[in-house]
Amino acid sequence: MRRILIYGDSEIKKSIEIKNYLIEDAEVVKIDNSVQDAAEILKHNLFSNSLFGGKKVLIINNIDKFKKKEFTEITKLLSQVSSESIENIIITASSKVKVEVEEKKECNLPKPWEEDKWIEFIKELAEDLKCKFENDETIKYILDIYGYTDTILYEEMKKISIYSEGIITKEAINEIGFAAVNVNFEEFAYMLSTKRCDEVINMAKNFSQMHDFNIVSFISYIFRYFFDLYRVIINIEPKKRFSWPEVQKISQISGVNKMRVKKFLGVKFKNETQFYANHSVLYTKKDIMDIIIKLEEMDRKAKLGEKQEILIFDLISYICG
C-alpha cells in the first residue's frame, strides 16, 4: 500500500497527477468532507479485503478541509494501518499538510508575474489534452484573455482544441473561445486605472450580473494588469510626455506588451483620436504596490466565497477614491 500526498492550489494539475496513480481495473473509492463518518468509511476499506482479490485505490479529497477531530482520526489510521487490497491511497490538499506518506507531489500555480513558468504550465495542460499551441505568443494571448485561473483555462483549451483539430491558434481562440463572458477586461482595467469611476461602475454592474462571470478570473486579470503597470513604472522616470521609441525600449526592458506600455504612458499615434492618460503622473510605485496587495487580499476573499459584487465595488472605491 502506497500513500501519496498531492497538494497545491492548482486543481487541474492535481487532477492530472491523480491519473498517474490510478490502477487499471482497480476499484476507486473517493472520500471527502461532504460524507458522514469519513473516518469509518476509510477504516472499513482498510480492514476489509476483497473476497475475489480485487484491488482498490482510495482517494481522500481535500484532507485539509476536514474538521480537526476527523482529520486527526484519518491521519492516525493512515499512519498505523496497511491493507493488502489497497494499491494506492491518494491524499489531496490545498497546501502541504502533516501526514505520513511515501510520496509528495507539489501542484502549485506559478505566481502571476512568472511568465515563463506560466507558459510551461500551459504546455503541460495542453499535453494532457493531447493538443499543442501554435507558439508561445499564442499562450500569452490566451492568458491575457482568460486570466490565471487554471480550471477556466483548461476548459477553454479543451473546447478550442476539439474544434481546431488539436492545434490552438490565435484565430481559433477568437473564433471558438468564449472570451470571459464577452467582458472586455482590458477596457475595464484601463478605465479603472485612469479612475473613470462612473464608467467603471456601469460596466461592473453589467458584467457582475452575468451568470457566467467568474470573480477569481476577473481579479487575476486585474492583478496582472496592475503588476504590468508596476513593471513599467519602476523602469522609468515620471514625465509629462513619452515617445514611441521610448515605449519600445521600456517594453523590452519591462517585458510588458508594447500596446499596454503605450497606453500606460499616454502615447498615441497621429491617426488616433482617443486620448490615453499618462499613468506615470497618476501613480507612484507605492500606490501601485498597495493596489497589488489589495488585489491579493481580494483573491483570498473570492476563493473563500465572499460576494463578488462587494469585492468589485470595494476595488473600484479603493482605486477611484
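Colleague: Which ring does the charged end of lysine 263 sit over, and how far is it from the centre?
Modeller: Bear in mind this is a predicted model. A charge counts as over a ring if NZ of Lys is within 6 Å of the ring centre and within 35 degrees of the ring normal. The charged end of lysine 263 sits over tyrosine 190, and its distance from the ring centre is 4.7 Å.

Colleague: And lysine 262, which face does that one lie over?
Modeller: Here the distance to the ring centre is 4.8 Å. The ring that lysine 262 lies over belongs to phenylalanine 269.

Colleague: Moving on to ring pairs, how many aromatic pairs does the structure hold?
Modeller: Two rings pair if their centres lie within 6.5 Å. On that basis, the count for this structure is 14.

Colleague: Why is the pair of phenylalanine 188 and phenylalanine 218 edge-to-face?
Modeller: Planes over 60 degrees apart count as edge-to-face. The ring centres of phenylalanine 188 and phenylalanine 218 are 5.4 Å apart, and the pair is edge-to-face because the planes are at 65°.

Colleague: Where in the chain are those two?
Modeller: They link distant parts of it, 30 residues apart. Phenylalanine 188 is in helix H9 (residues 185-193), and phenylalanine 218 is in helix H11 (residues 215-233).

Colleague: Are phenylalanine 188 and phenylalanine 218 buried or exposed?
Modeller: The cut-off for buried is under 20% relative accessible area. Both phenylalanine 188 and phenylalanine 218 come out as buried.

Colleague: What kind of pair do phenylalanine 227 and tyrosine 230 form?
Modeller: Their centres are 6.5 Å apart, with 35° between the planes.

Technical notes: Residues are numbered from 1 along each chain as its sequence is written. This is a predicted model: local features need pLDDT of at least 70, side-chain atom pairs count only at pLDDT 80 or more; totals for chains, interfaces and linings use all residues. Side-chain values use heavy atoms; hydrogens and water are left out. Rings of Phe, Tyr and Trp (its six-membered ring) pair if their centres lie within 6.5 Å; planes under 30 degrees apart count as stacked, over 60 as edge-to-face and the rest as tilted. Helices (H or I, at least four residues) and strands (E, at least two) are DSSP runs, numbered from the N terminus. Buried means under 20% relative accessible area, exposed over 50%, partly exposed in between (1.4 Å probe, protein chains only).
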